[in-house]
Amino acid sequence: LTLPQFVQLMDNFVGEDNSLPTVKRLTAFTKEEYKQTKEEKMEQLEKVRHMSHMAQRKQLLEALFEKWDSSTCGSLELEEVVAVLSTFEGGRGKEALMKAKEQLFSQYPQLSRVGKLSPKAFQTFLELIASKFTGNEDETMDNLVRFLTTSVEQSHPESLQCLARRKWLQDIQHAAETSGTSMEPVYKAVIRALTQDMEAHGDNKRISAYIALLEENPEQGQVCLRYVACTPEDAPHVLNQVLHRDMKGVSFAAIDQGKPIYVPNVQLHGNIHFWNSDCPVEEREGSFLVLPLFDAHWRVFGILGLDTLRDQCQESIFLSHEITFYEGVCHAFSKAYHHVCMQENVLQVAVTALDWLYPRTPSIHAVTTYLVAPGKDKNCALYKVITMDNTGQKEIHSSPVVLLREENLLRDYLFKCTDSSEVTLISVYGEHHIAVPLHDLSRQTLGIFDISIGEHKKLPPQEQKDLQKMLKMAQAACSEILQRSLEETQPTQVLEAERLANVRHAGILFHRLMLQELRKCV
């Protein structure tokens with residue numbers, strides 16, 4: 001147990017009605033009775049040491065990845081890393097390197113196709129290499145990190161450029177983490193990152209930028225590209241437009257090839273689609289760039305497009321360092337986009353779970369659902385996303401109310417629940433609350449159900465049983481949603497209905513898990 005978890009456990013055990021002397025007697029009793037053998041203490045210390053070591057290693061490898069990824073494109077070329085590693089210890093570890101590479105391909109099947117290492121795959125690769133060497137694995141890993149750190153150099157101007165760009169990419173992720181289930185702040189952060197970089201590192205070129213996502217076209221039975229965001233001045237011509245495969249353009253070629261397509265001079269190309277039909281043909285000069293957007297499994301789900309048609313300079317081209325940064329923007333946007341999709345799926349699970357719960361638990365007065373997001377000074381914030389009253393009426397908040405710890409002392413139990421990631425029981429003005437966390441895959445708090453049961457201290461046995469069943473299935477559904485987002489996990493579907501749209505699928509997932517649980521009991 002962590003400190004917040006231990007405190008919460010004791011708090012729940014004592015309850016609210018017990019006096020201070022009772023609490024003191026319990027504390028004295030626990031001190032007296034809790035004993036550790038020497039072996040248990042050593043085992044615990046070793047566990048803490050190992051966890052600390054793994055956290056330090058993770059930080060080191062993240063810093064190493066960032067140093068190698070000086071262009072901030074979000075991935076490393078596998079063969080470049082292999083070429084450098086083949087000279088480690090004078091080339092004596094080539095056999096270990098090849099064995100690790102083979103094992104990495106089995107763990108990340110898409111690697112043999114795309115040849116790019118994500119931060120997590122990079123870490124896994126180094127750990128696999130270290131495990132193949134004879135001798136102490138930790139020492140080998142330390143030597144690998146030291147060797148790779150000295151294998152790459154960066155000039156001071158490059159370092160400053162990299163720092164600025166990394167900050168803009170972090171802003172994209174922060175927008176996703178603090179936007180609830182809205183994509184608008186993420187789109188704005190992407191456009192802002194592109195324009196800021198152009199001002200700082202791109203000779204102040206005037207660019208147009210746009211994001212288009214693949215979607216099913218029910219009329220033609222094909223996928224099309226819908227333009228969901230763009231630079232403000234292009235909105236009247238581009239926003240919500242739909243590009244089909246049979247229309248002019250190179251966007252679908254970039255999607256099919258899985259590579260950026262760069263057109264230095266659009267006038268000479270002949271296959272560029274211009275959304276602004278008011279622009280005279282003779283003024284259609286400039287460069288055009290299309291980059292595919294990949295998910296964690298390296299499947300394309302849209303494109304990022306940029307052009308310099310608005311720039312007055314005759315030779316307004318994109319340089320290689322700009323293009324690699326735009327790949328980094330694509331990577332950051334993908335992470336942010338799928339984070340918001342995950343939040344939306346969790347929200348859909350919560351809605352479905354509450355719909356299932358309401359007719360079965362008349363003693364529950366209200367349920368408020370929160371999502372956890374970063375707040376100020378490393379504190380968390382709670383985003384109120386759903387409220388349900390005792391009539392079963394639900395309100396889904398499109399602009400969530402944000403709760404900060406320092407401003408909501410009467411709701412401090414919600415923040416205690418977040419800290420401990422354990423069930424928290426409390427009475428506020430005579431109204432009893434059960435705060436139940438939804439966990440992520442590392443048991444950190446992802447969301448909270450704040451369940452009010454009014455003046456009752458506990459629910460009737462059958463209602464309690466149904467509440468526990470709902471919470472179990474909601475947690476299982478959230479865990480599966482998060483598991484599917486991992487790059488080394490291939491998504492699977494059990495029911496035919498799950499092959500429908502992602503957000504609807506999240507609701508179906510709750511019922512599928514409930515059905516599977518029922519089958520176990522039959």
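Contact here means heavy atoms within 4.5 Å. What you have open is a predicted model, where local features need pLDDT of at least 70, side-chain atom pairs count only at pLDDT 80 or more, and totals for chains, interfaces and linings use all residues. Residues are numbered from 1 along each chain as its sequence is written, and side-chain values use heavy atoms, leaving out hydrogens and water.

Now switch to a cartoon view. The protein has 16 helices and 14 strands; these are DSSP runs numbered from the N terminus, with helices being H or I of at least four residues and strands E of at least two.

Next, select helix 5, residues 94–107, and find K101 in it. Is K101 buried or exposed? K101 counts as buried because its relative accessibility is 16% (buried means under 20% relative accessible area, with a 1.4 Å probe and protein chains only). Leaving aside residues up to four places away in sequence, show what K101 touches: L78, E79, V82 and F125.

Then colour by domain: domain 1 is 40–151, domain 2 is 164–334 and domain 3 is 340–521, with bounds from an automatic or database domain assignment. The contact between domain 2 and domain 3 takes twelve residues from domain 2 and 15 residues from domain 3. Together these two domains bury about 1,100 Å², meaning accessible area (1.4 Å probe) lost on being put together, summed over both.

Last stop: select G180, T181 and H297 in domain 2, which lose the most area to domain 3.

How values were computed. Buried means under 20% relative accessible area, exposed over 50%, partly exposed in between (1.4 Å probe, protein chains only).
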